[in-house]
Every structure is written in structure tokens, then in C-alpha cells.
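Subject: Structure handover

Hello,

Here is the structure we talked about. Please open it next to this note. My findings follow below it.

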Amino acid sequence: MSTTDQLPQQVVAAIAAVVGTGPVALHEPSFRGNEWLYLKESLDSTFVSSVGKFVDRFEAELATYTGAKYAVAVVNGAAALHIALKLAGVTAGDEVLIPALTFVATANAVSYCGATPHFVDSSEATLGIDAAKLRDYLTFHSEQRGGYCMNRATGRVIRALVPVHTFGHPVDLDGVMAVAEEFNLVVVEDAAESLGSYYRGQHTGTFGLLGTLSFNGNKTITTGGGGAILTNHPQLARQAKHLTTTAKLPHRWEYRHDEIGYNYRMPNLNAALGCAQLEQLPDLLAAKRELFKRYQTTFELVQGVTLMAEPAQCLSNYWLQTLLLDDEQAELHDQVLVATNDAGYMTRPSWKLMHELAPFMDCPCMELTMAQSLSQRLINIPSSVNVVSAV
Ligand SMILES: *Cc1c(COP(=O)(O)O)cnc(C)c1O
């Protein structure tokens, strides 16, 4: 047998050496702190919905943790993106640059604003937006008119740029922010996957005008379902809170709403879970890093695959551990998925690229060579902290 034939079984063995015998899930939440205590406290208080001390506390603690001046807690990451894009000035008829390699929520949120997603290629080093390629593309395909970036082909305004910190790995923020400045694009960071990830010592989600987080059940910490909007601007924070609480004007009994708002506020019950989870975040991050190190040891010996490591100058939360097959091994992608899942280790390929999905097939996009290559070579492997004994 050539080494090629052995690769799927070698991957199974390398995973087994780290996580033990299966079945092992891709990513499970871990509840080992004050979850029950705080949930009970929330129930006992009768404040389970949009008002309560846990939701205020969760927001304050998120702001402290990330270094953002303000955090506004909402029902999920997609809702956070929707409102952040609205506050960034995205309106119907605009285009918004997002990576083709992302979860569908990024593209959906652009559509919720009546705007069109415009897909950008990724870099192999970060899995996120390739800033150099984007600059070349915009230089050729856009022009500045009245302070706006116009798409020459469609005549629409390209309003914003949404970098995604894929699987927790920070994008090249220096490069991306420079391109945004050069072409007059507002930056909204989709940091749904990167709570606990830092670029040059600064928390992801705090570089753009606004940033968003997700606390879905499969993310680094969970509130069941949940999300947050981060910003340093008091006016934007106020508007975010207003829009996500049905745009109701404060009054003791009157129900007056001054614009079309959304019922997007995170319930206190979910925030209770969030407060308990946030207390454990440093331990969870340490366990995720430990898991990465253990995989690094076993995958060092496997030819033909690379375990994704944090980019230079970055501290990654290692949300989902990621294997990249070498180009020459790309044809074994499905065989590796079959062998690992058959052995009880849940693995999965990257999301289908956005421009391949029915609702987004006709959206504008640049040449997506690297995103396509990554989607043919990428495999996420079991990443729960539960498999590391430290937690
Ligand atoms: C999880 C996720 C979201 C959305 O979060 P939900 O809370 O599930 O709505 C958005 N973008 C990315 C990249 C995500 O991974």
C-alpha cells in the first residue's frame, strides 16, 4: 500500500490517540460551573425574558472581556449581524463584501438588509479574507464616486466589508482594515466563532465599526441561542439596544415606538447561562489550546495533512480544530470523512461555499480559487473541551 491509501486510516488513528474510543461529537458544550445556580436564580426572580440582572451583567462582562466599550446582547449571531449591518449604513440595493467561505448566516444577514452579498476569496494562512487579492480586485472592478465605492459592473454601492474569523482564527486585520480604509468600506466583523481570539493583543470583533458574536450551542461558550453586538461608539450602542428592543421609548406605562424595531433582545434566562459560561472561558480556552497541542503531536507523524495553527501575531481560541489535506491528497477528502465518521469520530467538511447555494448563486463574486481549494481539502475534527481531561 502506498502512503496515500493509508491516509484515511492514519487520520482515524491520530484522532483516536488524542480523544480515545468513539463515538466522539464534533463539538459539545461543557456545563461545569454555575449554570444550574444562575438558571435557578433567574427562574426564582421571575425575570426570564427581556429584562433582568443577568442580561445586563452579561453585557457588562462581555464588554470587559473583549475590551469593547459596549456590548449589546441579542437572540443569536445572525440577528446581531443584521442589526450591526443596518447600523453600519447598509441599505437596500447595496453590496456587502463577505468571504465565500463562511456560515450562511453572514450572507443571510446581508440579505435581511435588502443588500446583496459579494463574495471574496480566502487566504490559506488564515482561512479568512485575502486582503491583497481583495485590493487587486477592487482596484480593477470598483471606482470611487462621491466618497462611495461603486461596483463598475453592477453600478451599486459596495457599502461594507465583513471579515469572518474562521473557526476562531483571526483574519489579517492589518491588511483588511487598510483595504477598507482605501476603498471607503465600513467594516463589520463577524466574530461569531472567535470569542477569546486576539489579533496583536486586541480582541477580534473590536477592530471594525461594529463586531458580532454568537453563543449558539456549538460555539466556544453558549447561552443556548444568543449573540452580541460589540462597538466602541456610544451612539451606535444606544441605537443597537433601541432597535433590538422593539424601538420602544422608555416610559413607565406607555407603549410608543419611534421606528420599526425588532424583538431581538437576549432573554435573561439565556444570559444566566451566559454569565456562568463566561466565568469558565479562560479554562475552556486553555483546554482548547491543550487539545490543539495534543493533535499537533499525533498529526506531525501523518504525511499529507496539516493541522491548522493560529496565524502569526494571533492568539486563536481554537474553536474548531481543522485539518487541511495537501493538494495532492484532495481526492481523499471524502474517504477521510467516511473513515473517521465510520470509526465514530464526527468530522465534517467546510460549509458549502456561499456562491454555490441556491439563494446566492447569482450574486457577484471574485475569482474564488483558494476558497474552492480549501473547501475541497478542509476537515473539522472533534474539538470539544470534554475530551481533554484538564477541564
Ligand atoms: C455561528 C455563526 C453565525 C451566526 O450565529 P447564530 O447564533 O447561529 O445565528 C454567524 N457567522 C458565523 C461565521 C458563524 O459561525
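Where is the place of Pro23? Pro23 is in the loop between α1 (3–19) and α2 (35–45). Helices here are DSSP runs of H or I with at least four residues, strands are runs of E with at least two, and both are numbered from the N terminus.

Two notes on the source. This is a predicted model, so local features need pLDDT of at least 70 and side-chain atom pairs pLDDT 80 or more, while totals for chains, interfaces and linings use all residues. Residues are numbered from 1 along each chain as its sequence is written, and side-chain values use heavy atoms, with hydrogens and water left out.

Backbone

Most residues other than glycine have a negative phi, and most peptide bonds are trans. Thr46 lies in the loop between α2 and α3 (53–66).

Ligand

The shell around the ligand holds 15 residues. Gly77, Asp190, Glu193, Ser214 and Lys219 are the closest. By class, the shell has five nonpolar, seven polar and three charged residues. Nonpolar here means Ala, Val, Leu, Ile, Met, Phe, Trp, Tyr, Cys and Pro; charged means Asp, Glu, Lys and Arg; the others, Gly among them, are polar. Two helices, α4 (77–87) and α5 (104–112), each give the shell at least two residues.

Now the polar contacts, which are pairs of N or O atoms within 3.5 Å. Asp190 places a polar side-chain atom 2.8 Å from a ligand nitrogen atom. For Glu193, a polar side-chain atom is 2.5 Å from a ligand oxygen atom. Lys219 also has a polar side-chain atom by a ligand oxygen atom, at 3.2 Å. Alone, the ligand exposes 370 Å², and the protein buries 91% of that. Those areas come from the Shrake-Rupley method with a 1.4 Å probe.

Pockets and cavity

Rolling a probe the size of a water molecule over the atoms shows where empty space is left. The search ran on a 1 Å grid over the protein atoms alone. In a cavity, a 1.4 Å probe fits but cannot get out; a pocket is an open set of points with protein on both sides within 12 Å along at least five of seven lines. Lining residues have an atom within 4 Å of a point. Points are joined across faces, edges and corners, and a volume is the space filled by probe spheres set on them.

The largest pocket has about 320 Å³ of space. Its lining includes Ser50, Asp56, Lys241 and Arg265. That lining has one nonpolar, six polar and three charged residues.

The largest cavity has about 70 Å³ of space. Its lining numbers 13 residues, and His27, Glu28, Ser30, Thr220 and Leu284 lie nearest its centre.

Best wishes

Note on methods: A residue is near a molecule or strand if one of its heavy atoms lies within 4 Å of it. A polar contact is a pair of N or O atoms within 3.5 Å; within protein, one must be able to donate a hydrogen and the other to accept it, and residues adjacent in sequence count only if both atoms are side-chain atoms.
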